[in-house]
Amino acid sequence: MTDQPDLTAVTETLTKAQARRIALAAQGFHDRRPEAFAASMRHVQRVIDRVGIIQIDSVNVLARSQYLPLFSRLGPYDTSLLDRARDTAPRRLVEYWAHEASLIPPTTWPHLTFRMRRAESEAWRGMQSVAHEHPEVVAAVETEVLRFGPLTARQVEARLKHDVPRSKDQWGWNWSLVKNALEHLFWAGRITSAGRTTQFERRYAAIETAFPPAARAAAGPEARPAEQESFIELVRIAARSHGIGSELCLRDYFRLKTEQARPAIAELVRTGELRPVEVRGWKRPAFLYVDAARPRRTEAEALLSPFDSLVWQRERTHDLFDFHYRIEIYTPAADRVHGYYVLPFLHRGELVGRVDLKADRKSSVLLAQRISWEPEASPTAAKALMRNLRSMADWLELTDLAMPTD
């Protein structure tokens with residue numbers, strides 16, 4: 001890449017309200033919702049195309065996090081559609097470390113090869129140690145998955161005890177070693193996931209088994225793109241999904257480093273896909289995606305998962321919405337300000353409140369344990385929140401809604 005452009009050469013100045021509307025449209029909040037429970041795979045694919053990444057998290061106090069972004073954009077829908085997109089051939093989504101543990105289109109997966117190549121230096125300690133200290137375990141686990149997968153970690157452990165028996169004084173086949181070997185192979189891109197069980201266990205599989213035919217060739221080791229080409233594509237996806245964002249926004253979407261993202265941004269500016277702009281009130285320079293929609297108004301409203309891509313990057317959330325948001329799941333209960341599993345509430349394009357939600361499945365009640373409003377919240381926001389909470393209760397097949405008593 002030569003003749004690098006001046007990334008500070010502002011071409012336009014936008015208000016924060018304009019930037020907000022661009023961001024909401026890019027994330028799919030201006031798309032027309034289907035009727036309740038009438039969403040099809042076409043609607044699911046539209047959300048996938050909009051956001052590019054759907055984060056996974058094991059917390060299930062309300063619903064698994066991967067289901068919530070689609071509810072926020074589609075309203076009540078059949079979650080088996082997302083399961084089918086992930087678990088059933090031809091898969092529209094595969095799992096990998098993108099933002100965090102995430103679902104991504106199979107076409108995006110090869111562009112994360114740079115991360116796979118660092119599996120032995122950047123992965124968690126358990127994965128690194130099994131790769132360095134027990135290569136025979138890694139080899140045996142890989143063979144078992146390639147021959148007999150999809151398999152969960154416990155199924156791999158059980159098969160190895162039968163297929164490759166070892167005495168206990170030789171450490172045997174224990175779940176911890178097998179699990180670490182599987183996670184190392186998964187991180188390294190030597191195997192993938194063919195979905196999850198109802199207990200949220202990964203089902204490890206060969207890439208040839210899990211990937212749709214059209215994506216297999218590009219996933220092969222010899223066909224993987226060059227790193228710089230991948231950085232450009234990942235920033236392009238981030239830019240399209242943001243509509244407008246700072247370098248930090250574009251970098252954080254796939255957790256890229258500055259030295260990976262900045263040259264890619266420069267290249268997209270050079271080719272005209274990104275335009276440097278100023279957003280009033282932003283401390284950082286911004287970049288506008290060339291094809292970003294620019295609505296003149298917004299009526300968008302939704303309850304947002306703590307892991308929704310609209311609010312991932314906390315500085316961006318503050319810059320766009322003047323909204324300070326922190327996840328308090330790991331904060332001691334006595335120190336929490338807003339609650340345990342707090343969903344921001346989007347109303348008419350503004351983040352106006354937070355709701356600490358829990359699905360009490362035994363009693364079939366959606367518990368709104370605490371509601372916190374922003375000072376500027378519209379008088380109509382409370383009625384809109386009730387509408388969204390009742391919609392969520394219906395979606396979760398809960399018969400009642402309990403509101404805070406104070």
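The largest nonpolar core of this predicted model has 133 residues, and those with the most contacts inside it are Leu 62, Leu 357, Leu 366 and Met 392. Such a core is a set of buried Ala, Val, Leu, Ile, Met, Phe, Trp, Tyr and Cys residues joined through side-chain atoms within 4.5 Å, where buried means under 20% relative accessible area, exposed over 50% and partly exposed in between (1.4 Å probe, protein chains only). In soluble globular proteins, nonpolar side chains tend to be buried together. Met 392 touches Leu 62, Leu 68, Phe 71, Leu 303, Leu 343, Leu 357 and Leu 366, neighbours within four places in sequence being left aside; contact here means heavy atoms within 4.5 Å.

The model is predicted, so local features need pLDDT of at least 70 and side-chain atom pairs count only at pLDDT 80 or more, whereas totals for chains, interfaces and linings use all residues. Residues are numbered from 1 along each chain as its sequence is written, and side-chain values use heavy atoms, with hydrogens and water left out.

Aromatic rings come next. Across the whole structure, a search finds 10 aromatic pairs. Among them is the tilted pair of Trp 97 and Trp 187, at 5.6 Å centre to centre and with 35° between the planes. Trp 97 lies in strand E3 (residues 94-97) and Trp 187 in helix H10 (residues 175-187), so this pair ties together parts that are 90 residues apart in sequence. Rings of Phe, Tyr and Trp (its six-membered ring) pair if their centres lie within 6.5 Å; planes under 30 degrees apart count as stacked, over 60 as edge-to-face and the rest as tilted. Helices (H or I, at least four residues) and strands (E, at least two) are DSSP runs, numbered from the N terminus.

Two arginines are placed over aromatic rings. The charged end of Arg 159 sits over the ring of Phe 148, 3.8 Å from its centre, and that of Arg 202 sits over the ring of Phe 186, 4.1 Å from its centre. The criterion requires NZ of Lys or CZ of Arg within 6 Å of the ring centre and within 35 degrees of the ring normal.

Helix packing is illustrated by helix H13 (residues 227-242) and H15, which pack at an angle of about 75° with their axes 8 Å apart. Axes are lines fitted to C-alpha atoms, for helices over the stretch in contact, and angles run from 0 to 180 degrees between N-to-C directions. H13 and H15 are therefore roughly perpendicular to each other, a label for angles of 65 to 115 degrees, with under 35 roughly parallel, over 145 roughly antiparallel and the rest oblique. The residues that meet include Phe 231 and Ile 232 in H13 and Ile 265 and Leu 268 in H15.

Arg 255, in the loop between helix H14 (247-252) and helix H15 (258-270), has a positive phi of about 55° although it is not a glycine. Arg 255 is partly exposed, at 37% relative accessibility. The peptide bond from Ala 89 to Pro 90 is cis, with omega near -10°, and Pro 90 lies in the loop between helix H4 (80-87) and E3.
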